[in-house]
Amino acid sequence: MENLQLWDFRFIDFVDVFLVAILLYYIYKLVKGTVAINIFIGILIIYFAWRLTDYLEMHMLYSIFDGFMKVGIIALIVVFQPEIRKFLLMVGSTNIGGKKSLFKNFKFLKNDDQTSTDVDAIINACNKMGATNTGALIVIERNNNLDFLTNTGDEMNILVSQPIIESIFFKNSPLHDGAIIIDNNVVKATRVILPVNNEKNIPERFGLRHRAAVGITEKTDALALCVSEETGQISYIKGGEFVMFKDTDELTKKIKEDLG
């Protein structure tokens with residue numbers, strides 16, 4: 001009987017395993033915290049049941065699972081359409097060798113010395129603007145590169161701080177119209193035009209800012225904060241959905257967790 005030698009494991013096999021691990025990690029990041037995670041787990045259970053019934057020669061059950069697996073790729077495309085779109089957007093907007101290279105999109109491969117976003121300054125600015133009914137739309141970049149949106153506005157390179165954010169959205173400021181994009185604690189663009197979602201049934205009290213926030217977070221994995229010009233209320237949107245919170249302390253905690 002031939003023994004499997006450790007040296008039979010080639011370098012290309014290591015690369016293969018490593019790339020599959022990265023792919024599975026990113027799929028998990030895409031579906032984590034959404035209802036899709038339960039669907040993903042269900043598909044894994046069906047897959048292992050399919051393999052097990054084949055191994056045990058349980059022909060009737062195997063034929064049922066086998067029929068499901070044969071059309072599984074179509075079901076995956078339908079069920080995970082938003083997540084697949086986000087993944088393809090991440091790959092398509094990657095600049096090889098640039099600031100947003102493919103591997104830098106995976107947080108576990110990033111350097112620890114990278115600047116983290118000053119969430120406290122952003123929330124404090126939102127509170128101040130809410131008190132004066134100053135409308136604002138803030139988009140925080142995560143894995144998906146949003147460079148394709150910066151050319152719709154004015155490119156910037158300003159370190160995030162409470163006074164900076166307040167001054168951008170000041171009603172008489174030439175930069176207050178549109179959204180700002182924050183990446184790695186830097187305001188990278190102002191007056192950005194975002195895709196507006198007209199399909200979802202959003203309550204009438206929410207205007208174009210909120211529809212734009214839903215649109216960009218639905219198409220990418222970005223986070224969005226809206227300050228209503230009518231009520232001063234702060235809204236947090238993630239994955240195309242409004243995230244509920246009791247107070248700004250809980251909101252700050254949620255954003256930090258989502259960025260971490």
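1. Helices (H or I, at least four residues) and strands (E, at least two) are DSSP runs, numbered from the N terminus. Counted that way, the protein has 10 helices and 7 strands. Please keep in mind that this is a predicted model, where local features need pLDDT of at least 70 and side-chain atom pairs count only at pLDDT 80 or more, while totals for chains, interfaces and linings use all residues. Residues are numbered from 1 along each chain as its sequence is written, and side-chain values use heavy atoms, with hydrogens and water left out.

2. Of the 260 residues in the protein, 36% are buried; buried means under 20% relative accessible area, exposed over 50%, and partly exposed in between (1.4 Å probe, protein chains only). The accessible surface comes to about 15700 Å², with 61% belonging to carbon and sulfur atoms; these areas come from the Shrake-Rupley method with a 1.4 Å probe, and for residues only the protein chains shown count as cover. Taking contact as heavy atoms within 4.5 Å, residues 24 or more positions apart account for 62% of the contacts with a separation of 6 or more.

3. Now to the core. A nonpolar core is a set of buried Ala, Val, Leu, Ile, Met, Phe, Trp, Tyr and Cys residues joined through side-chain atoms within 4.5 Å. The largest one holds 24 residues, of which Ile122, Ile138, Ile165, Leu225 and Ile255 touch the most other members. Helices and strands that each supply at least two residues of this core include α6 (119-131), β1 (136-140), β5 (223-227) and α10 (248-259). The largest share, 6 residues, comes from α6.

4. Leaving aside residues up to four places away in sequence, leucine 225 touches, among others, Ile122, Ile138, Tyr236 and Ile255. There is also a second, separate core of 19 residues, including Leu146, Ile181, Val192 and Ala212.

5. Next, the aromatic rings. Rings of Phe, Tyr and Trp (its six-membered ring) pair if their centres lie within 6.5 Å; planes under 30 degrees apart count as stacked, over 60 as edge-to-face and the rest as tilted. The structure holds 4 such pairs. Phenylalanine 14 and phenylalanine 18 are stacked, because their ring centres are 6.4 Å apart and their planes are at 15°. These two phenylalanines lie 4 residues apart in helix α1 (residues 11-31), so about one helical turn separates them. Phenylalanine 14 is partly exposed at 49% relative accessibility, and phenylalanine 18 is partly exposed at 35%.

6. Tyrosine 47 and phenylalanine 48 are an edge-to-face pair, because their centres are 5.6 Å apart and their planes are at 70°. Tyrosine 47 is partly exposed at 34%, whereas phenylalanine 48 is exposed at 54%. Tyr47, Phe48, Trp50 and Tyr62 form one aromatic cluster.

7. Aspartate 66 belongs to helix α3 (residues 59-70) and is buried, at 14%.
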